[in-house]
Amino acid sequence: MKFIRVNLTAKSIETQDVPQEYAGLGGRALTSCLINSEVPAACDPLGAENKLVFAPGYLSGTPLVNTSRLSIGAKSPLTGGIKESNVGGTAAAALANLAITALIVEGQAAEGAYYFLNVDGDGEASLLDAGECKGMRTYALVEKLTEEFGDKKSITCIGPAGELHLTAASIQTTDLDGRPCRAAGRGGLGAVMGSKGLKALIVERSGKSADALADAGEFKEAAKAYAKAVRADEFSGEIMGELGTAAFVEPINAVGAFPTRNAREGQFEHASKISGENMAKIIKERGGKTTHKGCAQCIIDCSNEYVDADGKYVTSSLEYETIWSMGGMIGNGDLDAVARLDFLCDDIGLDTISTGVAIAVAMDAGYKEFGDGQAAIAMVEEVAAGTEIGKLIGNGPAAVGRHFKHDRVPVMKGQSMAAYDPRAIQGMAVTYATSPMGGDHTAGWVVDQNLEEFGGTLDRFSAEGQVEASRDTQIHMAAVDSVGICDFAQSGLASPEGIANVYKMVAAKSGKPFGEEDWTAMGTRTLKAEREFNRNAGFTSKDDRLPKMFYEEPLPPTNKVVVISDEQMDSTFDF
Ligand code: SF4
């Protein structure tokens, strides 16, 4: 258990034991508590005072399946508040297997200088000059680094968007095949990495010094039961492997909650062309892969490999949110164009959600026609070229809206909403508005609780019960993000016995009792730290609101608006 602190100003590297105040924390709990404690809330997010923290989940590097989440935290240049963005791939397991609890990147390299941070098989870190890789896109960079360092490395890097400090820049990380297709997309953390002068983090994957388990027998027994539950569940055990998250396109569109043409409508007439079912059909016909293991220790395999008509690789892990942002949101029913846009965003280092919504806002403002997938591809290429329109798109929807003086901009705290329209699922209005992260679906996904089709019991058009559902889910998700379990493996903890298995594993790792109260306390502590940081950064309850389009424009075909009052929004965090 150790922290590695890397200071890019001084070019120094220091290893320290994990301080007592952070004992037992991992993932989001650790990044958020550390950022709140060590980063001045009013600092320039792209300046030397900000810190970029990489922390594997508390259960990463253990025998538990689907624990590949790496939390990355910093002050966000997109929202101006705290940010945690987590990503799968191989980095969390690689760091945890070297007993690295957190890598904390501080300071700032001289302007224009870039470095690699290399962590070898003994867990020793060193800075290497990355000058010759300046400006490289992520796929070419990873290919070069793999040639140089071998294929047993996990590579986490930025592309041109991060180097340009664009606020929709992502941090990309390699999957099990060594492709940089997994993204910590949200919040512009790629720009923070770029501002530090860090081009890539290269971590040895064959480490064997993971933290010892206090009770390995107890841990393995609970981990086995957990994996059994994940396999037995229809969604995680069957549907996700076949269709991935793209399975959501049809049901969300059917209930009119699929934001279309910059959220002017809730249903997309070409949804069947970009659905999970159609994507699987196309991939199979062309000889790609509908099922693909994207992340270490995964038993769900929700990823895929999308190929072109000649069977040539286009992109990997084409997922629901991207299919929406580059599909319905911009009125584009051409799945090949969606796949190309997904690849370009990974390659340039851009969040697909913010980028798609930025394009949608530009189209809504009349810059290009809705539905023009080729125009969208050209706009994303402009980002890498650093042109004026490219910079606008790369800075996300709010920047585009300001430029075109267009006020239909679906962002909360500066970050775009995701693929569930809050007018058709009121609980998502609460999550989008109140999450310290800004518009974010994973922070408190209450879609299942709102849709009868998913077993939900809430009236999705009513405010009743929505605040409670969002609050409880936000607390729960803050804890899930802290232990590092993939969202899609939550079937393993959905039942009382399942979540009890997670408590058992946390206790069996730490050697200290852990139960329901501790789980809630971990989630609550995380949210409190995040909210405190945001308050100190100048956020008030006025920032816990949605743009007026959601309150004033009825969404066809359900023709509903958001009905959650300001008072209800303000009652979300009652702790
Ligand atoms: S289910 Fe998907 S996102 Fe989750 S660990 Fe597996 S491949 Fe990664």
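**Rings, charges and a pocket in a predicted model**

User: What makes Lys560 count as lying over the face of Phe461?

Analyst: This is a predicted model. In it, Lys560 lies over the face of Phe461, at 5.1 Å from the ring centre. The cut-off for that distance is within 6 Å, so the value passes.

User: Which ring does the charged end of Lys368 sit over?

Analyst: The ring of Tyr367, with the charged end 5.3 Å from its centre. That value too is within 6 Å.

User: How many aromatic pairs does the structure hold?

Analyst: The structure holds 14.

User: Why is the pair of Tyr367 and Phe404 called tilted?

Analyst: The ring centres are 5.7 Å apart, and a pair needs them within 6.5 Å. The planes stand at 45 degrees. Stacked needs under 30 and edge-to-face needs over 60, so this pair is tilted.

User: What parts does that pair tie together?

Analyst: Tyr367 is in the loop between α12 (352–364) and α13 (373–385). Phe404 belongs to helix α15 (residues 397–404). The pair therefore ties together parts that are 37 residues apart in sequence.

User: Why does Tyr367 count as partly exposed?

Analyst: Its relative accessibility is 31%. Buried means under 20% and exposed means over 50%, so Tyr367 falls in between. Phe404, at 26%, is partly exposed by the same cut-offs.

User: Why is the pair of Phe573 and Phe575 called edge-to-face?

Analyst: The planes of Phe573 and Phe575 are at 80 degrees, which is over 60, so the pair is edge-to-face. Their ring centres lie 5.6 Å apart.

User: Are Phe573 and Phe575 buried or partly exposed?

Analyst: Phe573 has a relative accessible area of 10%, under 20%, so Phe573 is buried. Phe575 has 32%, between the cut-offs, so Phe575 is partly exposed.

User: Which residues form one aromatic cluster?

Analyst: Phe235, Phe248, Phe258, Tyr320, Tyr420, Trp445 and Phe454 do.

User: Which residues lie nearest the centre of the second largest pocket?

Analyst: Ala23, Gly24, Tyr58, Ser510 and Lys512, out of 20 lining residues. Two elements, α19 (496–510) and α20 (516–536), each give two or more residues to this lining. The largest share, 4 residues, comes from α20. The volume of this pocket is about 540 Å³.

User: How do the residues of that lining divide?

Analyst: Into 11 nonpolar, 3 polar and 6 charged.

User: What surrounds the ligand?

Analyst: The shell includes Asn66, Ser68, Arg182 and Phe488, and also Cys295, Cys298, Cys302 and Cys486. The residues of this shell divide into 6 nonpolar, 3 polar and 1 charged.

Technical notes:
Residues are numbered from 1 along each chain as its sequence is written. This is a predicted model: local features need pLDDT of at least 70, side-chain atom pairs count only at pLDDT 80 or more; totals for chains, interfaces and linings use all residues. Side-chain values use heavy atoms; hydrogens and water are left out. On a 1 Å grid over the protein atoms alone, a cavity is a set of points where a 1.4 Å probe fits but cannot get out, and a pocket is an open set with protein on both sides within 12 Å along at least five of seven lines; lining residues have an atom within 4 Å of a point. Grid points are joined across faces, edges and corners, and a volume is the space filled by probe spheres set on the points. Ala, Val, Leu, Ile, Met, Phe, Trp, Tyr, Cys and Pro count as nonpolar, Asp, Glu, Lys and Arg as charged, and the others, Gly among them, as polar. A residue is near a molecule or strand if one of its heavy atoms lies within 4 Å of it. Rings of Phe, Tyr and Trp (its six-membered ring) pair if their centres lie within 6.5 Å; planes under 30 degrees apart count as stacked, over 60 as edge-to-face and the rest as tilted. Buried means under 20% relative accessible area, exposed over 50%, partly exposed in between (1.4 Å probe, protein chains only). A charge sits over a ring if NZ of Lys or CZ of Arg is within 6 Å of the ring centre and within 35 degrees of the ring normal.
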